[in-house]
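Good morning, and thank you for coming. I would ask everyone to look at the model on the screen while I speak.

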Amino acid sequence: MLKEESLRSAQSAGLQALPARLKESGKLDHWLKRTLQVIHVTFYYLVILSLSFVFLYPLLYMLSKSMMQAQDVADATVQWIPKALSFHNYSLAWQSLNFWGGFTNSAIISFGSAVLQILSCSLIGYGFARYRFPGYTLCFVLLLFTFLVPPQTIVVPLYLFFSDLGWINTHLPFVVPSMFGHGLKGALFVLIFIQFYRRMPNVLEEAARIDGAGPFRTYWKIMFPLAKPAMLVVFLFSVVWHWNDSFEPNTFLTTPNFYNLSQRLAMFYGTNNQAAETMSQMTSGSIGMAPTGLNQVMAGCILTILPILILYLLVQRHFVESVERSGIAGE
């Protein structure tokens, strides 16, 4: 009898405590959700920071080495922070690269080709996106074919062709092909404009046609000004790829006066490395004391990529928006 009464009292007490338990379980669910959110955010930022370090590591390494003196570079105990900051390496690299001469050549090739590729690739992309002309499929296949064929496979006939025209050691092999939608990655830029123009509404062209505008006037007055997002994407890609390219400049530019910054940096590295090897043969060859010009080479690397970094920092917000609007990232 006593057992039954105790069981009943325990059941009644459990029923009375049920709302409190439910309330506590609700708090527990909320706590679990908050914990999962914190774990998710922490993992997200850890992944972002890890990937950022992977891409920033070369830049941080170059910046650290470029501010070291020669003895700090040769000292195995000095890894990241030099014992004394030295900006003299930048002065030596500036003079050795003949920076303004190399910058002028790189700017003519990169920015000139980028502007011409915007004009030509935009017109070609508009034609492919809006019109179906005889031989459309064949022309589009040829466009894809030029995109897939590596430039190294056609460099010999190109060199002979430009040599017959007298274009070797000039900027014409880079600028003239860009006028016709070709040049470095020209087919890719055409595809970018095709993707952008296909997403434009047809009512714009219909309204222009009603007002009496022809196809070219419709393109130049209406469609081309609206393609600013695609223009910015093509401009940045073209500038960066031409700036960093070394294969075509080494093929068509053989006179030091026409060298761009990438070529001058390679020549500076070879000269510096040869001088370091000569000095190491003249020394006793003690471990950790071998002469090196790595600090000067790293300073030259910083100077070479600095204009591109400044350009990207100025337009990076607009560039991200343009990538989304131009359809490169997908819908």
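Let me begin with how the elements are named: helices (H or I, at least four residues) and strands (E, at least two) are DSSP runs, numbered from the N terminus. The model is a predicted one, in which local features need pLDDT of at least 70 and side-chain atom pairs count only at pLDDT 80 or more, while totals for chains, interfaces and linings use all residues. Residues are numbered from 1 along each chain as its sequence is written, and side-chain values use heavy atoms, with hydrogens and water left out.

K185 lies in the loop between α7 (172–179) and α8 (186–198). Its phi is positive, about 60 degrees, although K185 is not a glycine. N98 is found in the loop between α3 (88–97) and α4 (99–130), and its phi is also positive, near 50 degrees. Why point these out? Most residues other than glycine have a negative phi. As for accessibility, buried means under 20% relative accessible area, exposed over 50%, and partly exposed in between, with a 1.4 Å probe and protein chains only. K185 is partly exposed at 40%, and N98 is partly exposed at 43%.

Next, the salt bridge. The term means a side-chain nitrogen of Lys or Arg within 4 Å of a carboxyl oxygen of Asp or Glu. How many salt bridges does a search of the whole structure find? It finds 1. R130 pairs with E205, and their closest N and O atoms are 3.1 Å apart. Because R130 lies in helix α4 and E205 in helix α9 (residues 203–210), the pair ties together parts that are 75 residues apart in sequence. Both R130 and E205 are buried.

Let us now consider the pockets. On a 1 Å grid over the protein atoms alone, a pocket is an open set of points with protein on both sides within 12 Å along at least five of seven lines, and lining residues have an atom within 4 Å of a point. Grid points are joined across faces, edges and corners, and a volume is the space filled by probe spheres set on the points.

The largest pocket has a volume of about 500 Å³. Of its 25 lining residues, the closest to the centre are T146, P151, I154, H182 and G183. The elements that give two or more residues to this lining are α5 (136–148), α6 (155–165), α7, α8 and α12 (247–252). The lining of the largest pocket divides into 18 nonpolar, 5 polar and 2 charged residues.

The second largest pocket has a volume of about 270 Å³. Among the residues that line it are L236, F237, I305 and Y312. Here the elements giving two or more residues are α11 (228–244) and α14 (294–326), and α14 supplies the largest share, 5 residues. The lining of the second largest pocket has 8 nonpolar residues, 1 polar and no charged.

Finally, I return to α11. Is this helix largely enclosed or open? Since 12 of its 17 residues are buried, α11 is largely enclosed by the rest of the structure. Its buried residues include L236, H242 and W243.

Notes:
On a 1 Å grid over the protein atoms alone, a cavity is a set of points where a 1.4 Å probe fits but cannot get out, and a pocket is an open set with protein on both sides within 12 Å along at least five of seven lines; lining residues have an atom within 4 Å of a point. Ala, Val, Leu, Ile, Met, Phe, Trp, Tyr, Cys and Pro count as nonpolar, Asp, Glu, Lys and Arg as charged, and the others, Gly among them, as polar.
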